[in-house]
Amino acid sequence: MGAAAVDPRILEAAAHWYALLSSGAASEQERARWQAWMDADNAHRRAWQRVEDVGAQFDALIAQPMGREASVASLNAAAQGRRERRRLLTVALIAGATGLLGLGVAQSPAGRRTWAAWQADLVTPVGGSKESRLADGTQIRLNTDTAVKVDYTRDQRRLVLLRGEIMIATAADPDRTFVVDTPEGRLQALGTRFNVRSLDGETTLAVLEGAVQAHFAGAPPAGVRVDAGMRMRGGSQGIDAPATLRADDHNWTRGIVQFEEAPLAQVVAELARYRRGHLGCASDVADLRVTGTFPLHDSDRALRLLSEALPVRISQPLPWWTTLQPR
Amino acid sequence: MLAVSDREHAVGASLSALYTAHCGWLQKWLNRRLQDNHQAADLTQDTFLTLLVRRHAIADVREPRAFLTTIARGLLVDFWRRRDIELAWADTLASRPEVTHPSPEVQLQALQALVEIDRKLHRLGVRARAAFLMHRIHGMTHPAIAAELRVSERTVRNDIAQAMLCFLLDADLQPVGFHGDEAGR
């Protein structure tokens with residue numbers, strides 16, 4: 001037995017409170033009821049302490065690069081192996097149900113993401129960033145939570161942006177074209193420095209030097225030429241015509257993010273890309289306007305700055321669960 | 001005091017009798033499942049070690065073979081779990097440039113955590129398990145998980161509560177590394 005056994009019914013209540021609070025759908029009244037539940041009984045507090053301890057068990061996994069992918073892969077392998085062995089033991093009984101998780105994961109977007117990272121040659125974790133020089137001298141810089149496959153052949157230099165964001169400065173090579181493929185399209189460099197972001201089913205191209213020929217689904221087959229100082233977006237929502245480059249298309253390479261009169265929800269969504277765990281904001285404060293410059297790799301400080309400048313407070317019911325609430 | 005040491009003596013005596021009578025048979029039983037004599041020998045030792053540590057009243061056991069296989073099966077499940085996890089981990093590592101590999105200590109820590117997590121979640125259904133891992137490891141929101149699994153957010157919330165309960169209940173079911181045998185309760 002553990003040091004202090006807790007009534008299973010209390011543990012069940014704690015588990016349901018956890019699920020409710022982590023859903024982001026809890027109302028103020030529900031939060032108050034949770035607080036009252038906590039205050040009502042020491043056993044409730046002990047049960048909640050266990051909830052918090054569960055978070056710590058995952059920290060060793062998420063803290064390191066490749067931790068999430070390798071962890072999910074390993075846990076799936078264990079479940080898969082168990083199912084396969086069970087099948088061998090009871091051959092006909094559950095033959096139809098085996099391998100479901102493996103298949104399901106390979107087919108779901110999150111799973112594709114997992115498999116994607118396995119194929120990647122260059123990977124950064126959430127909050128990470130890295131610079132690399134490819135075989136031909138091309139400079140590539142990876143932003144947070146990014147996976148890139150490098151596919152160089154005799155005829156072509158091809159990068160596949162599996163997810164995330166990269167800044168490229170291509171090296172000259174008269175014999176081989178240079179392309180970046182994303183799930184949404186193909187970008188062909190015409191001697192150049194450019195940024196590509198693939199996020200939420202949308203690719204954003206920003207050209208700083210030279211030009212890029214962009215091929216998106218639904219665009220003219222010959223592609224659209226995007227010159228230096230211009231940006232273009234394409235994806236499931238259709239394509240935008242090239243427009244003037246914005247500072248936030250490449251500010252990340254300086255480790256900062258700038259906003260002018262941006263809704264808090266947008267600021268929080270941007271900071272969340274660089275932060276492990278959940279980061280959100282309450283709907284009452286989502287439309288507050290934010291102007292300022294924030295550090296990308298110190299989101300705790302960025303949040304403190306926000307809580308000083310705006311009528312919001314940082315709420316952290318769980319170590320990896322952060323929301324901005326009205327003060 | 002005398003009574004306790006008498007009892008311990010009895011446990012020791014009956015354990016050694018049990019060992020002599022069934023060690024060879026148990027090792028064969030394990031080897032049929034593992035196809036590896038070394039591992040089978042190790043797990044045979046572990047099975048008897050488990051009995052020693054838990055100080056069972058072995059003299060009362062009516063069907064020693066059923067009793068031993070129940071315990072051995074639990075160890076076998078743990079062994080497979082550990083092996084599957086270690087292999088998948090090594091595979092993932094092999095597919096990445098060596099410079100990105102975490103230090104051996106960090107890897108050991110992660111592997112231990114994974115074995116524990118898998119042990120705690122092993123009774124959970126496929127969907128609830130997936131929902132919890134998406135939530136906890138990939139940091140996905142409930143609506144994103146619901147869309148992913150094509151279920152309602154309410155179902156996701158229930159799944160996550162269930163998974164959390166597996167962890168919370170587990171703390172009362174130690175000792176570590178052992179689980180799931182009715183004979184032991």
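This is a predicted model: local features need pLDDT of at least 70, side-chain atom pairs count only at pLDDT 80 or more; totals for chains, interfaces and linings use all residues.
Helices here are DSSP runs of H or I with at least four residues, numbered from the N terminus.

**Salt bridges in chain B**

B:Glu116 and B:Lys120 form a salt bridge, and their closest N and O atoms are 3.5 Å apart. Because the two residues sit four places apart in helix α4 of chain B, about one helical turn separates them. B:Glu116 is partly exposed, at 22% relative accessibility, while B:Lys120 is buried, with a relative accessible area of 13%.

Helix α4 of chain B also takes part in a second pairing. The side chains of B:Arg129 and B:Asp118 meet in a salt bridge of 3.2 Å, N to O. B:Arg129 belongs to helix α5 of chain B and B:Asp118 to helix α4 of chain B, so this pair ties together parts that are eleven residues apart in sequence. Both B:Arg129 and B:Asp118 are buried.

**Salt bridges in chain A**

Over all chains, the structure holds 26 salt bridges. One of them joins A:Arg275 and A:Asp300, with 3.0 Å between the closest N and O atoms. This pair links distant parts of the chain, 25 residues apart: A:Arg275 is in the loop between α7 (264-272) and β16 (278-281) of chain A, and A:Asp300 is in helix α8 (residues 299-309) of chain A. A:Arg275 is buried, at a relative accessible area of 12%, whereas A:Asp300 is partly exposed, at 45%. Elsewhere in chain A, a network of salt bridges links A:Asp151, A:Arg158, A:Asp181 and A:Arg186.

| Salt bridge | N to O distance |
|---|---|
| B:Glu116 and B:Lys120 | 3.5 Å |
| B:Arg129 and B:Asp118 | 3.2 Å |
| A:Arg275 and A:Asp300 | 3.0 Å |

**A buried aspartate**

Another residue to look at is A:Asp249, in the loop between β14 (243-244) and β15 (256-263) of chain A. A:Asp249 has a relative accessible area of 5%, so it counts as buried. Its side chain is joined to that of A:Arg231 by a polar contact of 2.7 Å. Leaving aside residues up to four places away in sequence, A:Asp249 touches A:Glu165, A:Asn195, A:Thr204, A:Ala206 and A:Arg231.

**Where the chains meet**

Now to the interface, where 61 residues of chain A are in contact with 47 residues of chain B. About 4,900 Å² is buried between chain A and chain B, and carbon and sulfur atoms give 66% of that area. The count of salt bridges between the two chains is zero, but five residue pairs, both at pLDDT 80 or more, are in polar contact across the interface.

On the side of chain A that touches chain B, α1 (8-22), α3 (42-62), α4 (67-89) and α6 (109-119) of chain A each supply at least two residues. The largest share, 16 residues, comes from α4(A). By class, this side of chain A has 36 nonpolar, 14 polar and eleven charged residues.

On chain B, helix α7 (residues 153-170) has 18 residues and reaches 26 Å from its first C-alpha to its last, close to the 26 Å expected at 1.5 Å a residue. Its buried residues include B:Val156, B:Ile160, B:Met164, B:Phe167 and B:Asp170. The buried residues of α7(B) pack against α1 and α3 of chain A, together with α4 (104-121), α5 (126-136) and α6 (142-149) of chain B.

Key
Residues are numbered from 1 along each chain as its sequence is written. Chains are lettered from A and ligands numbered from 1 in the order in which they are written. Side-chain values use heavy atoms; hydrogens and water are left out. Contact means heavy atoms within 4.5 Å. Buried area is the accessible area (1.4 Å probe) that two parts lose on being put together, summed over both. A salt bridge is a side-chain nitrogen of Lys or Arg within 4 Å of a carboxyl oxygen of Asp or Glu. A polar contact is a pair of N or O atoms within 3.5 Å; within protein, one must be able to donate a hydrogen and the other to accept it, and residues adjacent in sequence count only if both atoms are side-chain atoms. Ala, Val, Leu, Ile, Met, Phe, Trp, Tyr, Cys and Pro count as nonpolar, Asp, Glu, Lys and Arg as charged, and the others, Gly among them, as polar. The expected span of a helix is 1.5 Å times one less than its number of residues. Buried means under 20% relative accessible area, exposed over 50%, partly exposed in between (1.4 Å probe, protein chains only).
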